[in-house]
Amino acid sequence: MQDLLYFGQQLINGLTIGSTYALIAIGYTMVYGIIGMINFAHGEIYMIGAYTALITITGLATLGVTWLPVILLIALICAMIVSSSMGWAVERVAYRPVRGRHRLIPLISAIGMSIFLQNYVHLAQGSRNIGFPALIEGGFQFGSSGNFQMSISWIQIVIFVTTFVCMTALSLYISRSRIGRACRAVSQDLGMANLLGIDTNRIISATFVIGAALAAVAGLLLGMYYGSVDPLFGFIAGLKAFTAAVLGGIGSIPGAMLGGLILGIAESMTSGYLSGEYKDVVSFGLLILILLFKPTGLLGKPEVEKI
Amino acid sequence: MLEVQNLSMRFGGLLAVDQVSLDVQEHEIVSIIGPNGAGKTTVFNCMSGFYKPSGGKILFRGQEIQGKPDYRISRLGLVRTFQHVRLFGRMTVVENLMVAQHRHLNTNLLSGLVATPNYRAREQKALDRASYWLERVGLMEMANREAGNLAYGQQRRLEIARCMVTEPQLLMLDEPAAGLNPAETRDLDQLIISLKEDYNVSVVLIEHDMSLVMGISDRINVISQGRPLASGTPDEIRNNDDVIKAYLGEA
């Protein structure tokens with residue numbers, strides 16, 4: 001019984017962290033699906049989302065706003081606006097001018113952008129980590145056995161619910177709305193979409209904006225969950241989310257969701273049964289295995305060379 | 001409405017198109033024929049903005065369009081198809097027709113998050129036009145299938161429907177009958193004639209199927225080895241010695 005509870009606890013922790021990976025992974029997978037490049041600055045967009053949320057929360061506290069839902073909502077909206085503008089600007093400045101060149105060129109541009117944003121936040125906010133107020137505290141416990149107590153905290157529940165709502169909204173948006181329809185068309189055949197008069201530049205910008213907005217949601221959630229942020233906050237999370245996107249099949253949105261959850265669970269199981277130090281080994285080991293044996297990922301389709 | 005004047009296209013040392021001229025009037029079907037490798041598709045690619053021609057002018061309603069980006073040209077009302085089918089294969093048939101009307105729709109990033117009456121009305125209008133064309137090309141029952149799963153002939157017809165929902169003035173069809181069986185080809189020439197007669201669209205056609213070309217063209221331009229060889233009505237072309245030589249070789 002105790003073993004089962006322990007397993008359940010790891011599963012809850014894994015799903016929590018995994019769903020935030022999935023939120024960030026969406027940004028990687030959408031951009032790859034449309035223009036076939038890896039936006040390595042996406043982790044930084046997420047980090048900036050977390051910082052913006054923190055600054056907003058601090059600002060609201062000094063203004064004397066105390067009602068929690070209002071604080072969270074305003075922080076969320078500010079983070080989404082700032083991250084989205086940043087996502088839009090990064091595409092405009094660093095990727096659009098080099099689009100259509102050799103594959104390596106946008107990649108290098110992306111890495112440069114990532115280094116730039118990281119260091120910009122270093123300068124603006126300092127390199128030490130800053131405490132993120134635990135706005136949502138407590139939780140409840142259930143099913144104790146022996147000396148083990150299974151628990152779920154409110155922040156975990158908030159993370160699940162928010163992620164679930166975002167994912168559902170995104171799926172509906174992509175499958176039903178005009179922009180979503182155009183996104184799918186552009187990802188299948190950009191040249192043809194262009195010929196039919198779709199403003200493909202706008203659609204590409206839209207995917208950057210949507211991905212960045214979701215990353216900002218993850219930034220606020222994970223900031224509260226971990227309790228601190230620093231300028232390197234986005235680096236590891238970005239790598240993990242990228243791994244999740246590849247695991248699920250890069251270019252596939254359901255793949256990113258699935259990949260995130262699998263990766264989160266794999267990590268928490270490793271922490272729970274082996275040692276926390278092995279969790280990165282396991283997740284990147286998983287990435288290598290997937291690349292070796294199923295390069296298209298779990299839900300990805302084999303890439304057909306576009307003519 | 002369309003005038004191509006002394007068009008040339010050079011790829012390195014190869015002069016693929018050399019001083020080709022042709023014109024298309026309102027309400028007319030003009031064909032471009034010629035042996036394989038004559039440069040027909042290259043002419044198309046210049047007209048639709050895929051290539052920037054090395055020389056010559058292309059005028060559409062008096063406006064120079066040579067070297068303009070492809071999406072600008074298509075927005076003027078010159079829409080083309082390709083030798084191979086280029087549908088959005090993983091979208092449904094009706095979605096293919098809806099997305100082609102994208103630029104006529106309000107495309108704010110937030111529109112669609114909330115379905116405003118305006119959004120719905122425009123969406124409904126687009127859907128009406130899509131279903132009209134599905135009916136017209138006989139694909140109504142297929143509306144919710146994935147386009148990639150249609151039979152080849154159906155895909156060809158869907159491509160033409162997709163061009164038509166954009167309300168073009170001039171349609172450029174690159175070998176629309178390639179790979180079709182004789183019955184499908186007959187349906188296709190009925191469809192092309194109806195585009196001209198009922199929807200007042202001019203058509204430029206590249207085609208190898210001579211019965212199709214001779215049957216529906218108002219005028220024909222023959223190109224051989226990148227150079228213009230002859231032009232005239234189907235009867236004139238049929239009896240032109242140069243054309244017979246180019247196709248059959250010298251006797």
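Glu175(B) lies in the loop between E7 and H6 of chain B; helices (H or I, at least four residues) and strands (E, at least two) are DSSP runs numbered from the N terminus. Glu175(B) has a positive phi of about 50° although it is not a glycine. The structure is a predicted model, in which local features need pLDDT of at least 70, side-chain atom pairs count only at pLDDT 80 or more, and totals for chains, interfaces and linings use all residues. Residues are numbered from 1 along each chain as its sequence is written, while chains are lettered from A and ligands numbered from 1 in the order in which they are written.

**Loop residues of chain B**

- Glu175(B) counts as partly exposed because 19 other C-beta atoms lie within 10 Å; a residue is buried with 20 or more other C-beta atoms within 10 Å of its own, exposed with 12 or fewer, and partly exposed in between, the C-beta atoms being placed from the backbone.
- Glu167(B) is found in the loop between helix H5 (152-165) and E7 of chain B, and its phi, near 55°, is a positive value in a residue other than glycine.
- Glu167(B) is partly exposed, with 13 other C-beta atoms within 10 Å.
- Most residues other than glycine have a negative phi.
- His208(B) sits in the loop between E8 and helix H7 (210-216) of chain B, and is partly exposed because it has 14 C-beta neighbours inside 10 Å.
- From C-alpha to C-alpha, His208(B) and His104(B) are 35 Å apart in space, and 104 residues separate them in sequence.

**The sheet of chain B**

- An open sheet of six strands has the order E6-E7-E8-E3-E9-E10 (chain B), with mixed pairing; two strands pair if DSSP finds at least two bridges between them.
- Strand E6 (78-80) and strand E10 (227-232) of chain B are the edge strands, each pairing on one side only.
- From one strand to the next, the twist averages 15°; axes are lines fitted to C-alpha atoms, for helices over the stretch in contact, and angles run from 0 to 180 degrees between N-to-C directions.
- Helix H6 (residues 182-199) of chain B packs on the sheet and touches strand E3 (29-33), strand E7 (170-174) and strand E8 (202-206) of chain B. The direction of this helix makes about 150° with that of E8(B).
- E3(B) runs parallel to E8(B), joined by four bridges, and Ser31(B) has Leu205(B) in E8(B) as its bridge partner.
- E3(B) is also joined by four bridges to E9(B), again in parallel, and Val30(B) has Arg219(B) in E9(B) as its bridge partner.
- Five of the five residues of E3(B) are buried: Ile29(B), Ser31(B) and Ile33(B) lie on one side, and Val30(B) and Ile32(B) on the other.
- Strand E9 (residues 219-224) of chain B pairs with E10(B) in the antiparallel sense over five bridges, and Ser224(B) stands opposite Arg227(B) in E10(B).

**Domains of chain B**

- Chain B is divided into domain 1 (1-77 + 168-251) and domain 2 (87-167), with bounds that come from an automatic or database domain assignment.
- The C-alpha centres of domain 1 and domain 2 of chain B are 27 Å apart.
- Seven residues of domain 1 of chain B are in contact with eight residues of domain 2 of chain B; contact requires that the C-beta atoms of two residues, placed from the backbone, lie within 7 Å.
- On the side of domain 1 of chain B that touches domain 2 of chain B, five residues are nonpolar, one is polar and one is charged. Ala, Val, Leu, Ile, Met, Phe, Trp, Tyr, Cys and Pro count as nonpolar, Asp, Glu, Lys and Arg as charged, and the others, Gly among them, as polar.

**Contact between the chains**

- 19 residues of chain A are in contact with 22 residues of chain B.
- On the side of chain B that touches chain A, helix H2 (70-76) and H3 of chain B each supply at least two residues, and H2(B) gives the most, with four.
- That side of chain B divides into nine nonpolar, six polar and seven charged residues.

**Helices of chain A**

- Helix H6 (residues 178-188) of chain A is largely enclosed by the rest of the structure, because ten of its eleven residues are buried.
- The buried residues of H6(A) include Arg178(A), Ile179(A), Cys183(A) and Gln188(A).
- The cover over the buried residues of H6(A) includes helix H1 (2-35) and helix H5 (154-176) of chain A, together with helix H3 (93-99) of chain B.
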